[in-house]
Amino acid sequence: LQLPGSLGTPVLVLSGNITFIAKVEAKDLLRKPNVKWFKGKWMDLASKAGKHLQLKESFERHTKIHTFEMHIIQAKENYAGNYRCEVSYKDKFDSCSFDLEVTGKIPLVSVSGDGQDDAGELDFSGLLKRREIKQQEEEPEVDVWELLKNAKPSEYEKIAFQYGITDLRGMLKRLKRMRREVKKSAAFAKGLDPAYQVDKGGKVRFMVELADPTVELKWYKNGQEIRPSAKYIFEHKGNQRILFINNCMMTDDARYYVTAGDEKCSTELFVRDPPILVTKGLEDTSTYVGERVELSCEVSEDDANVKWFKNGVEITNDPKSRYRINVEGKKHTLIIEEAAKNDSATYSVMTTGGQSEAKLSVDLRPLKISLALEDQTVRLGQEIHLKCEISENVEGKWYKNGQLIEASDRVKLYHKGRIHRFVIASAAVDDEGEYMFVPDAYNINIPCKVHVVDPPKLHLDGLGEGNTVTVVAGNKLRLEIPITGEPTPKVMWSKGDKWITDSGRIRAETYPDSSCLVIDAAEREDSGPFRITLKNEAGEDTALINIKVVDVPDPPEAPNVTEVGEDWCIMTWEPPANDGGSPILGYFIERKKKQSSRWMRLNFELCKETTFEPKKMIEGVAYEVRVFAVNAVGISKPSMPSKSFVPLAVTSPPTLLAVDSVTDTTVTMKWRPPDHIGAAGLDGYVVEYCFEGTDEWIVANPELTDKTKFTITGLPTGSKILVRVKAVNAAGESEPRYHPQPILVKEVVEPPKIRLPRHLKQTYTRRVGETVNLVIPFQGRPRAKVSWQKNGSPIDKNQINIRNTENDTIIFIRKAERSHSGEYDMKVEVENLEDKATIDIQIVDRPGPPEVVTIEDVWGENVNLSWKPPKDDGNAAITGYTIQKADKKSMEWFTVMEHYHRTCATINELVIGNEYYFRIFAENMCGLSEDATMTKESALIAKDGKVYKYPVYDDFDFSERPLFTQPLVNTFAVAGYNATLNCSVRGNPKPKITWLKNKVVIMNDPKYRMFSNQGVCTLEIRKPSPYDGGNYTCRAVNELGEAEVDCKLEVKGKGFKTSQVPCLSEHHLHRSQKYARQMQKGVETNFLTFPDENINLVRTK
């Protein structure tokens, strides 16, 4: 960096202009260097460019010189000071500083290499407030407040360190407050400046000028009024009011303001410590790698804030850092425990009042080889261990054949002191080569050689069981056997006594890492054992390999069609006489219409059996089928076609045959159409019956009936008959559908029974205005009579509609009202028998508001309210209350509590000085009341409140002995299907659960699995047999007692029928018949339950 010689020429007068020029040679630079102009230590002049300061730059392509200019226009006295120009490019850096003095006549500019200690500040915004006398010369004082206001946030910490600011965060908060307080005052003709600064021990002067001198004036510091004293002195000069603060200390660093009537003017006072000076600087030091280094300096005060730098980069006292900073009073020391080559640098120390720097030079010691590497010969798989020792404790690198070796899971590199080791736990062939260790920073290497040997070995892992290789006849076999060995072994192939050469149809090919047996156009005679032998100087290896030549199988014989259905048939065939040397894996089947030549594949997965059932054929069309045999080699030729056949079948049996009604001489049966009718259609049904004890079936309808309901007439009273129904079409009669039980020809009186739905066994609740529509089924024959009453009185049919049928009754209310609430009694009568049921209907509405709300007490920020429940609860229990508050000024309501259950509450966190009203809504299942009850009086939250004493409550005892809330139930299980027993229990402490079978504890039996989750206890019995039936008990025990619950489990054989179920009523019989019909359809039914008799039929998968 060069400056023109004219800089020292006095060409500038006060308010004149001056230009500084810096030129940078760029012959070796790829891009423009970075140039910065500074005034003082940290002020970057790029941010001050404007009317009085301009920065320009240019580039001359021929000379490759960059020119940078700084123009100062209309210079002022405060422009004087130290300036610095810095240029940087990548890791290169240069700088030059110079001093500028501005006088009323001639400016003096001097250039020096070090002008940092007396650097001034360039201020273009009037930052300077006053000047103070320093040690050698008078310099302008910097207003830190103005500097912070005009600085970027990223420069705050730098400014804080330079000017000794300890509470930077507090100053920034006060600075933010200063920026907001900008408004004109009518009482003050001239107010306080936004901020003042003074050195510790100095004196500061605050002055305001009043518009009215008669106004009383008061001064405050952090909100506390200032009284006159030796420290605080007040002066009056006309309209001016002056406050002097003598001997300023750090405690005087605060916010000050003065009040004149109702108006206030404030400012901030900043007291800063004097700068810290470096009394004893750093000294240049030279040392060797690994030695301890200490760089020390002394400053003017104890425990001062000092920063260390390495090549201009700050060094932090981080525990993980190699550098450690030690402070003992005024002495500061930078310690490097084990110096490294890269520690050579320029180290500097900086304080708020000065800096010092020194150079550290770290050199290497002469290196000697104490133990050299040795050549090694190792067997494959053994450990390779290379070791060397040198005179210095330095790092190093390992090389193999000139390539750098990195540490990995297989290669371990160790360094301890002066010893370096290289270890490979299991040597491989690739590990052979020349190894070398090179110490870091030294031009020396330690070489050795490693030789790896390996006996020959055959790798037959890829062959099948018994080293058998299968090849299809006519194909080429190329069998590659991987081989290893060092040096490369000799390979020999043979079959019997004949050696195989490297030419001919059967030949051997040898490669460095494998050997191949090649057979062109394999024949069945090539089957047999082949021997391979390996030999080298380390040993030999041999193995037998079986070659098997296979072919496709012969075609099967023509298939036979044994049975024909609606759209299906059953065909069989015999396996082929020759399987081609490989087992038959399965068969493919094809079919075609007799008049067509296009065959269609019927199965895409191999058929393992010699029987198949083709489906989805068209009735009345002739078909033919054929078969292909498949083995591991391929598919055989097709068999001869079968004889042609035509699909045609009757319908499936009718479904859901049941008794509709019985009289003394007739039986009416009903059923559903067949599931499968077919293309032949359905002509009608034949109903047949026979008397119990005989085998003679009598046709009840000589002519076919097309209806699914028929009445058999002319039957003797008291007899029992069996009934069956057949479906008839063009193909004939279907299989009959039998009624499962004999039917007694006698009108049976069925006792009345109301089947009340489960949700009506509890209170039935509806809101006002909703529709009530209840269907209650019942049973009873003949001619059941239904009657209703409400609260013991007949029902008014103008308000409530009742409709009765043979099997149910319906109660309907179009628009419910609260008057419809009550107990509804239903009675069903059959002759002299009757059954009753009661339904409790509750019509609910929103509640009324609570009664009087009273303010019981007010203390602190809390108000205690109490109220009475509403008179009208809406015909439903009150579930809670919603409390709202409103400020008396705005009367805007805000919710403070919801779903509150008690009739007294304490409202917290109210604003002191406000006055509140409160209102309360009542709430039930329908919602909040339409109106709310408000307090008649308001609650004023006074500033001085009394302390509320919270009541003390005793802890609730949750201890409880075990109690079963849901017992076990008697259960039927199906043999071979898992069964479960369930119950629920509660208790505190949590009870221990034990299961017993026939009073014997079940322990460590894999047939049983026990679960307990959230109080629900489950015992799972895996695939039970009749032996697993018996009495099962669940026992719960804790320290307060025990409880037991038991049940009976009965296990039935697979495929049980509904006749095995102990039905105790016709209703149970009907449900069991429904279950049997579902089982015939393939419907999975998990539970069949009879709640009246506490019986379960369990069928689980």
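**Notes on strands, salt bridges and one buried threonine**

1. Strand β11 (residues 188-190) and β13 run antiparallel and are joined by 2 bridges. Within this pairing, lysine 190 stands opposite glutamate 209 in β13. Strands here are DSSP runs of E with at least two residues, numbered from the N terminus, and two strands pair if DSSP finds at least two bridges between them.

2. The model is predicted: local features need pLDDT of at least 70, side-chain atom pairs count only at pLDDT 80 or more, and totals for chains, interfaces and linings use all residues. Residues are numbered from 1 along each chain as its sequence is written, and side-chain values use heavy atoms, with hydrogens and water left out.

3. β13 is also joined to strand β17 (residues 240-245) by 6 bridges, again antiparallel. Arginine 205 stands opposite phenylalanine 244 in β17. Strand β13 (residues 204-210) is largely enclosed by the rest of the structure, because 5 of its 7 residues are buried (under 20% relative accessible area, with exposed over 50% and partly exposed in between; 1.4 Å probe, protein chains only).

4. The whole structure contains 39 salt bridges, each a side-chain nitrogen of Lys or Arg within 4 Å of a carboxyl oxygen of Asp or Glu. One of them pairs glutamate 337 with arginine 292 (2.9 Å, N to O). Glutamate 337 lies in the loop between β26 (331-336) and β27 (345-350), and arginine 292 in the loop between β21 (285-288) and β22 (293-299), 45 residues apart.

5. Aspartate 660 forms a salt bridge with lysine 670, with the closest N and O atoms 3.5 Å apart. Aspartate 660 also meets lysine 709 in a salt bridge (3.0 Å, N to O). Lysine 709 is in strand β56 (residues 709-712) and aspartate 660 in strand β52, so this pair ties together parts that are 49 residues apart in sequence.

6. Is threonine 933 buried or exposed? At 15% relative accessibility, threonine 933 counts as buried. This residue lies in strand β77 (residues 933-934), and the side chain of threonine 933 reaches the backbone oxygen of proline 850 at 2.3 Å.

Notes. Helices (H or I, at least four residues) and strands (E, at least two) are DSSP runs, numbered from the N terminus. A polar contact is a pair of N or O atoms within 3.5 Å; within protein, one must be able to donate a hydrogen and the other to accept it, and residues adjacent in sequence count only if both atoms are side-chain atoms.
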